[in-house]
Amino acid sequence: MTDTVFVLPGDAVPATGPTLKLGPGLLKLHDTPTPASSSVIATKAGTLHHDSRRVKWWVESNARRYVPAAQEGVIGVVAHKAGEGYRVDIGGAHPASLDGLAFEGASKRNRPMLKVGALVYARVSLAHKDMEPELQCYDAQTRKSEGFGELKGGFMQKCSLGTCRALLDPAHWLLPLLGARFPLEAAVGVNGRVWFKAPDARQTIAVARCIDMLDGRPETSAAEMKLFLDSLDT
Amino acid sequence: MRPLSPSIPEKEFVLEALGQGLRVDGRAPLEMRQPVLTFGPEFGYVECSLGKTKVICSIDAKMVRPSPERLFEGVISLHSEISPMASTEYEAGYGRPSDAEVEISRMLDKILRRSDAIDKESLCVLAGQRVWHLKLTFHFLSDSGNMLDCACLAGITALRHFRRPEVEVVGEEVIVHAPEERAPLPLAIHHTPLCFTFALFNDSLPALLDPSHLEETLCAGTMSIALNAQKELCVLQKAGGVAMEADAILKLLEIGVMKAKELDKLIEEALAADFATRVVEVR
């Protein structure tokens, strides 16, 4: 795909085929007159993307407010305990619920105890416009934790959703650049939150400032960031 | 949604770093974010940003009848409503203003109106009949901490940037001259009060000037000092129950004086730079 296609809410999307996987920002209309005509429309403004087989389609745009979508990894703050589970703030319009048993190997007797204010890295297991989002701290297929769970220590930096998605890209240079300088643990949620942990407070601050700088100026190059890092005393 | 308290890791890290004299955004404890002032096309429209905090102040003037108690004075009114645009923490006001909004509005009122920065008598056009009503509207665009100082800076700069139309009184008749006819006049301003907010912490942690949003929510109390570059103290407000020694307060005041001088110069330069670009054409 060479040229970028911009779509606005209501625009028809040329996604056709027997099997389609629609990502956030796209909607399938059910009452189209002819099944042959395109029945997928965009519900938000942004650039349209699809995979090489034209099966998966999604719309990408930058925003600051998170709208939960199923299977996305998010970082939440436990707001309060609710019976068997927890209510977690993931930055969306509504708090999400996290069941006390939705952890790897959790049972009635043995379940993790989270304090109010704890950070969790979780996967959105249910996102429906009429229901509260639900979270799970294990992988849907393997039922193993796969890195999900409570995030202890470290620091969390908020940024725009676009920056978060950029950081999640394995080809993005920032986290490897930082990781090459000092031991770094990081979790990126697509809800505009990045958690990281470095051995020293100065290094943690350096990570926070790098993410902030990238957020303010997404076109910052790796060389510029290197110079910036050198100017900091880590 | 009610404001959430920061998560445990955030809280612990900020306090731990502060124990080493470090702030998360890399500033020194008594370092302000560099304010940026941008002027709109009209007089009295100022956009002020402190880091990611952004506030717009716009002024408009209209002629009204003065209040019966103060026949020779103009009216200044401030409107500051915090909408959810600033941050998810603020709800659309369903009539009842939030605590943060009340605090900011009251401080702005004290600093900009009740400190007598504007000569209200100079706003009188025809005694008992016609006075100017200045309406300052604040728009809080983005909250990244310390909206008060940012709004105050926007407000006072807007007042100094504002130009009101020239009026002529012939007998009982008031003639308002259009800006194309006669150059609009600046307001009579006695002094330039500026506000500085410090976040105070317990356990002998240092006081922080211009706190970020996170620091603001984690601190045990704040102290806002409003003063001008001539070392005249206008307002001092201390919120939260942090015990402070008199010496410590005096020290913060001294820092305030120093910063007020710097900021006063910055406003002066920004205004001069803006007026250099404007051509006031008078026929």
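1. Buried means under 20% relative accessible area, exposed over 50%, and partly exposed in between (1.4 Å probe, protein chains only). By that scale A:Gly83 is exposed, with a relative accessible area of 80%.

2. This is a predicted model: local features need pLDDT of at least 70, side-chain atom pairs count only at pLDDT 80 or more, and totals for chains, interfaces and linings use all residues. Residues are numbered from 1 along each chain as its sequence is written, chains are lettered from A and ligands numbered from 1 in the order in which they are written, and side-chain values use heavy atoms, with hydrogens and water left out.

3. A:Gly83 sits in the chain A loop between β8 (73–82) and β9 (85–89). Strands here are DSSP runs (E, at least two residues), numbered from the N terminus. A:Tyr121 is 38 residues from A:Gly83 along the chain, and their C-alpha atoms are separated by 21 Å.

4. In chain B, strand β1 (residues 35–39) alternates. B:Pro35, B:Leu37 and B:Phe39 point to one face and are buried.

5. β1(B) pairs with β2 (residues 45–50) of chain B in the antiparallel sense, over five bridges. Pairing requires at least two DSSP bridges between two strands. B:Pro35 stands opposite B:Leu50. The two strands form a hairpin with five residues between them, and B:Gly44 in the turn has a positive phi of about 80 degrees.

6. B:Cys150 is buried, at 0% relative accessibility.

Terms used: Helix = DSSP H or I, 4+ residues; strand = E, 2+ residues; numbered from the N terminus.
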